[in-house]
Amino acid sequence: MLSLLIPAYNEAESLPKLLENITAVLKAYRYAAEIIFINDGSTDATADVLRKLAAGSPLTVTIIDFKGNRGKAEALTAGFQKAIGDIVITMDADLQDDPAEIPKLINTLEQENVDLVSGWKYPRKDPFEKRAFSFVFNRVTTMFTGVKLHDMNCGFKAYRAEVVKELHLYGDLHRYIPILAHAAGFSVGEVKVKHHPRRFGKSKYGFKRIPKGFFDLLTVLFLTKYRKRPMHFFAGIGSLFICSGTLLLAGLAILHFFPVIEIRHLPYGIAGGLCIVTGILLSALGLLGELLVAFLTHKGKE
């Protein structure tokens, strides 16, 4: 039994062809499946199109309607809670993901005996700036997390049911699903999938996602690596501030006694002092975090 989850935001033109392609694949491979569309507060005719498609489809089609745009993470979470399939497939509604690749995802899931298979859009048919940002994003994420995937944010994925029940997504954490699953003890694989150029509508990608992606990466690192040892996170950053401030003040002291060059000490002295104070405060915050973790752990054992 498959559950296909498809978030849709202003994709009215793409949906009829998408459902037609999905229906053909399910029929050809005789998959028993349910299809769950999540209308993420669309402002076009997406809601009406989905209702007409559901009424005329021989498949089991469920529609989840959001009153406003909540984002892909909440859309996927709503679908995960509703899904009843043994295998859950997520894909985008813009026709860039090819339903004909669904059997490949399922076969990889079973043959490699992993819990999650992430698609690798290859070759990718997106604009250069999107591909460039994705390349950097994937390399940086791999460097910090150790989860090696070529296309971390690909929405075309296959999961075993137990994986989606463990995922708690909010904000933009859907970009890091493989990392969250890996941290929860599930195995992660990858397979190349076909990718098509966008045919209708506009991409939801924008450069404003770049700083959001950085902060989301920090959130994921804290949730997966430092949740039970916050001192390592805060004291690590605090140590950098303390070392920087100490070096700055030491340099000023040397220049004071050995005035090789003329320098105004006051601004640099203040900066050095602020760095040290900031480092101490961050370390203290880490210590408070450790005490809180210890308290909650002890409380849970009672």
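Asn-39 stands opposite Asp-65, a residue of strand S3. The model described here is predicted. Strand S3 belongs to an open sheet of 7 strands with mixed pairing, and Val-117 lies in another of these strands, S5.

**The S2 and S3 pair**
- Strand S2 covers residues 33-40 and pairs with S3 in the parallel sense, over 7 bridges.
- Helix H2, residues 46-56, packs on the sheet and touches S2, S3 and strand S1 (2-8).
- The direction of helix H2 makes about 160° with that of S3.

**The sheet as a whole**
- The strands follow one another in the order S3-S2-S1-S4-S6-S5-S7.
- At the edges are strand S3 (60-66) and strand S7 (188-193), each of which pairs on one side only.
- On average, neighbouring strands of this sheet are turned by 20° against each other, direction ignored.

**Val-117 in strand S5**
- Strand S5, which holds Val-117, spans residues 116-121.
- Val-117 counts as buried because its relative accessibility is 0%, and the cut-off for buried is under 20%.
- Leaving aside neighbours within four places in sequence, Val-117 is in contact with Leu-105, Thr-108, Leu-109, Phe-156, Lys-157, Ala-158, Gly-189, Glu-190 and Val-191.

Key. Residues numbered from 1 in each chain as written. Predicted model: local features only at pLDDT ≥ 70, side-chain atom pairs only at ≥ 80, totals over all residues. Heavy atoms only, no water. Helix = DSSP H or I, 4+ residues; strand = E, 2+ residues; numbered from the N terminus. Buried < 20%, exposed > 50% of the residue type's maximum accessible area, 1.4 Å probe, protein only. Contact = heavy atoms within 4.5 Å. Pairing = 2+ DSSP bridges. Axes fitted to C-alpha atoms, helices over the stretch in contact; angles between N-to-C directions.
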